[in-house]
Amino acid sequence: MGVPNWFESPDAVTRALASAGYLADTTTATTVFLAGALQRPILVEGPAGVGKTELAKAVASATDAELVRLQCYEGLDESRALYEWNYRKQLLRIQASVASDPGGSAWEQTHDDIFTDEFLLTRPLLTAIRREDPTVLLIDEADKTDIEVEALLLEVLAEFQVTIPELGTVRATRRPFVLITSNATRELSEALKRRCLYLYLDYPSAERERDIVLSRVPGIRQELGEELVRTAATLRTLELKKSPSVAETIDWAQTLLALGIDQLDEAATRATLGVVLKHASDHARAAKELGLPASE
Amino acid sequence: MSDLFEHHIAFVGALREAGLTVSIAEGLDAAEAITTVHLLDREQLRAAYAATLMKRQMHRATFDSLFDLYFPAVGAAAPSRQNETVRAAPAPWEVDDPERLAIREALREYLLTGDDQLAQQLARDAMAGFGAVPGTGSGGRNGPSWSPMTVLDRVSPRTLMASVLEQFLRGQDQGGLAEQTARTTIESRLRRFEDLVDADARRRLAEQSNLEDVARTGIRPSLDNVSFLNASRPELAALRREIQPLARRLAARLAIQQRRGRRGPLDFRHTIRASLQTGGVPMQTVHRPKRPVKTDLVIICDISESVTSFAHFTLSLVYALREQFSRVRAFAFVDELDEITRFFAPGSDVVESVTRLVTEANVTWLMGRTDYGRAFELFERRYPDAIGRRTSLLILGDARSNYGNVGIPNLERMVAKARHAYWLNPERRQIWDTGDSEASKVGKVIEMIECRNLAQLSEFVKSLA
């Protein structure tokens, strides 16, 4: 198995991601590079809305790879994550063969037939392993799953192979680039963490966030962008229930642009605060701390 | 190369010593990782180590300070620049010291522009000019000892705030949004400067003495192990920010636990519906969820000066987790008892509530010194029906009643009425029973649990709900 060369160097990662519209800092770029070089999954943690899922999409588009996504949720099981036999189709097949040959001598034949690729429903994990072209596998919100699925992930991510009793072992011909995201609603197991590279995406620095806003919302004036980012940073220091994320800063910029507001003064902030803060108590707190006029 | 290897091993060892769990496999990963990056690019090296060795954001600060120790910045690595003149720090009243004025002027420039290069250089200069504390040095070795406190005290960067703020606003109206955002920006730059000064002191100490010694003594514990009672101010702020995410984590885990392993009565309609998939044969039964049993919580907390921060954290955490309990009633006392449930109305801001309760709750009577005996007596008299069969009773305090009565008989009756009763003590177990602490006397009546830091607190709250 030839080792696919994902990236040349951390600097190459920065350039490639930038061309895909994702501005990465040194830490992110180096970690992505290492994931390619060491063939390890990356575990990405951080507050909601700082661009964890976006990173996977950017890696995929920067390397011309296909993105295979496994969205995790509570109660996700093997048949949704890995593979499942299409038993309805199998039943039909059996009934058809019985109908055509009432004697029943064809059972041997049918038995072999119904456990073939035709009746296999591949789910994201198996799909990613079987693909022969470059693949980025995104396992989103892994903290929402149960412990059992984590064990399954361990097995799949360690060997990149899946054993299907009726078909034999499927081995990856080309290892996918794996990103696991987590919002840390629960601590992932030590075993999984040990096998992953760890990347914590925090709120970006003011300069980087400004660049992100300017590149995502092209129509916005530079000064307004700066003002916006500084205000968002101030809001983040306020011990809110939910701090504004980068995604929300971008939404905010778009809102201001759509409304034709050119100056982020008290009245404008008050009127559009709902875009960035989503709790009533957060509104009250922000209004008090920032000295905004009371809502009408 | 083998030098680097030795250094790598020492670094991994230091991380382990500081409480990060670094497995052998991870150490190997790190060794492999650093061969693939530019060793001369310090930030790449840092990222490579962080990705492979540090798997928990809580450990970030510890990791960074150790990395700075073991892999100092190249500019600063040449043992204290050639032309650098280290001198004994001038006396505090010499405010017109020319070097002090020069540094402050440059610092003002940094606060306005946010030029990180300048800040690093300034931190070094400030340390050379003001940080040298004559005397034994660390471990009696050569050279002076270095104190970031002295630097910040003499240079006093925070006194620049007002004038920088004015320059920053330049004509814009004060007091409003513009001022607030400018303040935050300057504040974060000031903090960055203070961190740099701190790091520079560690670097200088490490140059003079043994790396391992500094690593062992000069590194603060990671946030979840910081004791509530002697946390520094920035640590307290960081801890407060940690409360909400922690509550969310705990709530999610509790919800999962409650859902699992609880099967209510058979849901006939859903079972039949599901059986259609398998040709009318019910392969799997579907059950209704069972009603969760939620506990009733009564908290009585000592909010006297010595333990007040601990009470705040526990109250914030419990109230952030309010949905997990059927009812929460809270009482606070020093030598007078007051019900404080009213401050935590649903939807209110927990941080706000805690600050309000400090100023508004009626908790002092005559002396304003903790009196457990009186508090428990008042509780029994005024709220006789607060504790019922389904109640978990939680008492927060250090069991130090200023050599007064602890009210053991009252406490015994309260514990007997409750379903569970716990006493959380924010002090180290080793100093229980010293001085006026009545820990073991109380411990005979009620289970006493050491709860010094966020890790222990979250562990306890998890077991409670």
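Predicted model: local features only at pLDDT ≥ 70, side-chain atom pairs only at ≥ 80, totals over all residues.
Residues are numbered from 1 along each chain as its sequence is written, and chains are lettered from A in the order in which they are written. Local features need pLDDT of at least 70, side-chain atom pairs count only at pLDDT 80 or more, and totals for chains, interfaces and linings use all residues, while side-chain values use heavy atoms, with hydrogens and water left out.

The interface draws 38 residues from chain B and 43 residues from chain A into contact (heavy atoms within 4.5 Å). Together the two chains bury about 3900 Å², 53% of it on carbon and sulfur atoms; buried area is the accessible area (1.4 Å probe) that two parts lose on being put together, summed over both. On the side of chain B, K55(B), Q57(B) and L177(B) lose the most area to chain A, together 16% of what that side buries.

Between chain B and chain A there are 2 salt bridges, a salt bridge being a side-chain nitrogen of Lys or Arg within 4 Å of a carboxyl oxygen of Asp or Glu. D29(B) forms a salt bridge with R40(A), with the closest N and O atoms 3.0 Å apart. The elements giving two or more residues to the side of chain B that touches chain A are α2 (24–36), α3 (42–53), α10 (177–208), α12 (233–259) and α15 (350–360) of chain B; helices (H or I, at least four residues) and strands (E, at least two) are DSSP runs, numbered from the N terminus.

Within chain B, 6 strands form an open sheet of mixed pairing, in the order β5-β4-β3-β6-β7-β8 (two strands pair if DSSP finds at least two bridges between them). Its edge strands, β5 (337–339) and β8 (447–450) of chain B, each pair on one side only. Strands β6 (residues 391–396) and β7 (residues 420–425) of chain B run parallel and are joined by 5 bridges; in β7(B), H420(B) is the bridge partner of S392(B). Helix α14 (residues 308–320) of chain B packs on the sheet, touching β3 (296–302), β4 (327–333), β6 and β7 of chain B.

Over all chains, the whole structure holds 36 salt bridges. One of them joins D262(A) to R221(A), the closest N and O atoms being 3.2 Å apart. D262(A) lies in the loop between α12 (246–259) and α13 (266–272) of chain A, and R221(A) in the loop between α10 (206–216) and α11 (222–236) of chain A, so the pair ties together parts that are 41 residues apart in sequence.

Methods: Axes fitted to C-alpha atoms, helices over the stretch in contact; angles between N-to-C directions.
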